[in-house]
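Me: I would like to go through the aromatic side chains of this model. Please show it.

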Amino acid sequence: MTEKTGLVQWDKTRRTVSLRVPHWAEFLTSVQHRKVAKFIIFFVFIDLLMAFVDVDLSQFMRSQEPEIYQYFRGITKVGDSRYWLVPIALILPFLIAMHQAITEESAKRMLSWMAAALGFVFICIAVSGISVDVLKVIFGRARPTLWFDEGIYGFSPFAFPTSSYYQSFPSGHSTTLFTIAGAITCFFPRLRIMMLVFASFFAFSRIVIGAHYLSDVIVGGVFGYYVAFWMRDWYTKKGWVFIRQNGVYRIKAPGQLLVMRGKESITALIHKMTGASSRHIP
């Protein structure tokens with residue numbers, strides 16, 4: 001009698017264990033195997049960028065007009081997590097105080113959901129940011145500045161834990177931007193494309209100003225984006241902010257009303273920011 005568990009086969013009669021190598025089509029049809037395949041493809045893609053694209057693209061950006069550098073130098077601050085965490089941290093106590101002061105139950109529920117939703121965004125940014133700070137030290141990748149000035153390119157894991165010049169991979173600003181894009185997408189799924197464009201535009205500034213290579217930005221962005229959805233799963237399991245019905249994530253009441261009213265406001269704000277930015281491009 002033979003028992004099959006994944007790729008491992010156990011023969012009770014002969015008391016032997018064998019490893020079964022699946023056919024490539026079988027491998028790709030398995031959900032778990034598809035995830036592994038996607039990771040391998042992504043890993044190879046990033047490796048190719050590091051080998052053939054990163055340096056040349058950074059040198060090309062360095063050769064652009066000074067006005068372009070100054071423009072992107074100004075907007076790159078949008079990806080600084082402090083500009084997002086501090087305002088949220090200031091708003092949360094205000095919402096909690098209002099919740100304590102108001103006696104009307106529907107208003108209290110609304111304020112409670114708003115505080116939990118803002119807390120979700122705050123935790124997403126904080127978790128992704130702390131994680132990336134740790135990864136920067138672990139990988140120890142030299143920034144483009146070192147390549148331009150000293151010809152240093154590569155990784156020095158744990159070698160310079162206090163030097164920001166060896167903390168290029170992944171990009172922290174890109175992580176923050178795509179975490180915010182993912183978090184907002186959790187509330188407004190139809191804004192997914194718009195938020196990805198928004199995050200990509202400002203993350204690109206990290207390459208233009210020579211702070212990061214392209215692969216740093218892509219890895220940071222992918223990591224930050226998926227952190228938001230991992231946190232959504234965790235919040236859903238706790239019964240906070242989100243619920244899952246028939247495999248579809250939804251916003252818990254009374255947040256649905258706020259989301260409906262807030263969608264137009266966010267859309268208008270994004271159009272205004274990207275429109276203003278495009279008008280100022282030299």
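Predicted model: local features only at pLDDT ≥ 70, side-chain atom pairs only at ≥ 80, totals over all residues.

**Aromatic residues**

Me: Is Phe43 buried or exposed?
Reply: Buried means under 20% relative accessible area, exposed over 50% and partly exposed in between, with a 1.4 Å probe and protein chains only. Phe43 has a relative accessibility of 54%, so Phe43 counts as exposed.

Me: How many aromatic pairs does a search of the whole structure find?
Reply: Rings of Phe, Tyr and Trp (its six-membered ring) pair if their centres lie within 6.5 Å; planes under 30 degrees apart count as stacked, over 60 as edge-to-face and the rest as tilted. The search of the whole structure gives 23.

Me: Which kind of pair do Phe155 and Phe169 form?
Reply: The ring centres of Phe155 and Phe169 are 5.9 Å apart. Their planes lie at 80 degrees, so the pair is edge-to-face.

Me: Which kind of pair do the rings of Tyr225 and Phe229 form?
Reply: Both Tyr225 and Phe229 are buried. Their ring centres are 5.0 Å apart and their planes at 65 degrees, so the pair is edge-to-face.

Me: Which residue has its charged end over the ring of Tyr249?
Reply: A charge sits over a ring if NZ of Lys or CZ of Arg is within 6 Å of the ring centre and within 35 degrees of the ring normal. At 3.8 Å from the centre of the Tyr249 ring, the residue is Arg232.

Definitions and conventions
Residues numbered from 1 in each chain as written. Heavy atoms only, no water.
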